[in-house]
Amino acid sequence: MNKRLFLGVCMTQFLLACSTVSRQSTTSQSYPNNPAKRQDIVMQAMAMLDRGYTYGGKKLHTGFDCSGLVTFVYKESAGIAIKGSAAQMAEAARPVNASQAHPGDLVFFNTLGSPFSHVGIYIGDGKFVHAANERTGVKTERLSHSYWSKRFEGYRTVFA
């Protein structure tokens with residue numbers, strides 16, 4: 001296979017990773033602010049570190065993409081059904097100021113030149129967990145990292 005063609009195919013999948021439109025949509029339901037559920041979300045997200053990245057992935061044993069990780073963690077740890085693409089999650093969640101953001105909230109980024117094309121779970125202390133790419137899988141990052149700070153679009157929450 002032509003090397004350029006191969007790289008082009010690989011990069012296309014990487015760039016489209018979390019921007020795909022899902023037929024499932026997130027319900028815009030607000031849940032009571034529950035510190036125990038927030039802590040469970042953070043603990044579950046941390047337990048997913050080093051899991052594999054799979055485009056469109058939503059399962060523990062096959063890997064995750066960014067929105068699949070959020071869907072899995074929220075459902076398994078807190079019983080909260082949040083589904084769809086990163087953009088659909090952003091639409092359904094309520095924006096919060098940085099001063100009001102808590103661990104367990106969602107963080108959104110514009111990584112593809114389109115709003116809310118990547119999502120992660122805020123774990124506190126300026127860090128978040130996300131399904132990055134096929135090379136690194138699920139990992140933590142600092143919001144202050146130059147790549148992420150330039151693309152940061154804000155915090156959002158499903159909690160009241």
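Reply: A residue counts as buried when its relative accessible area is under 20%, and as exposed when that value is over 50%. The structure is a predicted model, and the part taken up here is helix α2, which runs over residues 35–47.

Helix α2 has 13 residues and spans 18 Å from its first C-alpha to its last, close to the 18 Å expected at 1.5 Å a residue. At its N-terminal end the helix is capped by Asn 34, which places a side-chain oxygen 2.9 Å from the backbone nitrogen of Ala 36. Within α2, the residues Arg 38, Ile 41, Val 42 and Ala 45 are buried. Viewed down the helix axis, the buried residues of α2 fall within an arc of 95°, so they line one face of the helix. An α-helix has 3.6 residues a turn, so residues three or four places apart point the same way. On the other side of α2, Gln 39 and Met 43 are exposed. The partners against which the buried residues of α2 pack are helix α3 (66–78) and the strands β5 (118–124), β6 (127–131) and β8 (152–157).

As for the aromatic rings, the model holds 9 aromatic pairs. One of them joins Phe 109 and Trp 148 in an edge-to-face arrangement, with 4.8 Å from centre to centre and 65° between the planes. Phe 109 belongs to strand β4 (residues 106–109) and Trp 148 to helix α5 (residues 146–151), so this pair ties together parts that are 39 residues apart in sequence. Both Phe 109 and Trp 148 are buried. Phe 152 and Tyr 155 form another edge-to-face pair, at 5.2 Å between centres and 75° between planes; here Phe 152 is partly exposed, with a relative accessible area of 31%, whereas Tyr 155, at 11%, counts as buried.

On the question of confidence, the mean pLDDT of the protein is 87, and 82% of its residues reach 70 or more. Over residues 1–17, however, the pLDDT is below 50, and this stretch has 11 contacts in the model beyond near neighbours in sequence. Over residues 19–27 the pLDDT is likewise below 50, with 22 contacts beyond near neighbours in sequence.

Note on methods
Residues are numbered from 1 along each chain as its sequence is written. This is a predicted model: local features need pLDDT of at least 70, side-chain atom pairs count only at pLDDT 80 or more; totals for chains, interfaces and linings use all residues. Side-chain values use heavy atoms; hydrogens and water are left out. Rings of Phe, Tyr and Trp (its six-membered ring) pair if their centres lie within 6.5 Å; planes under 30 degrees apart count as stacked, over 60 as edge-to-face and the rest as tilted. Helices (H or I, at least four residues) and strands (E, at least two) are DSSP runs, numbered from the N terminus. Buried means under 20% relative accessible area, exposed over 50%, partly exposed in between (1.4 Å probe, protein chains only). The expected span of a helix is 1.5 Å times one less than its number of residues. The arc is that of the directions from the helix axis to the C-beta atoms. Contact means heavy atoms within 4.5 Å. A polar contact is a pair of N or O atoms within 3.5 Å; within protein, one must be able to donate a hydrogen and the other to accept it, and residues adjacent in sequence count only if both atoms are side-chain atoms. pLDDT is the predictor's confidence in each residue, from 0 to 100.
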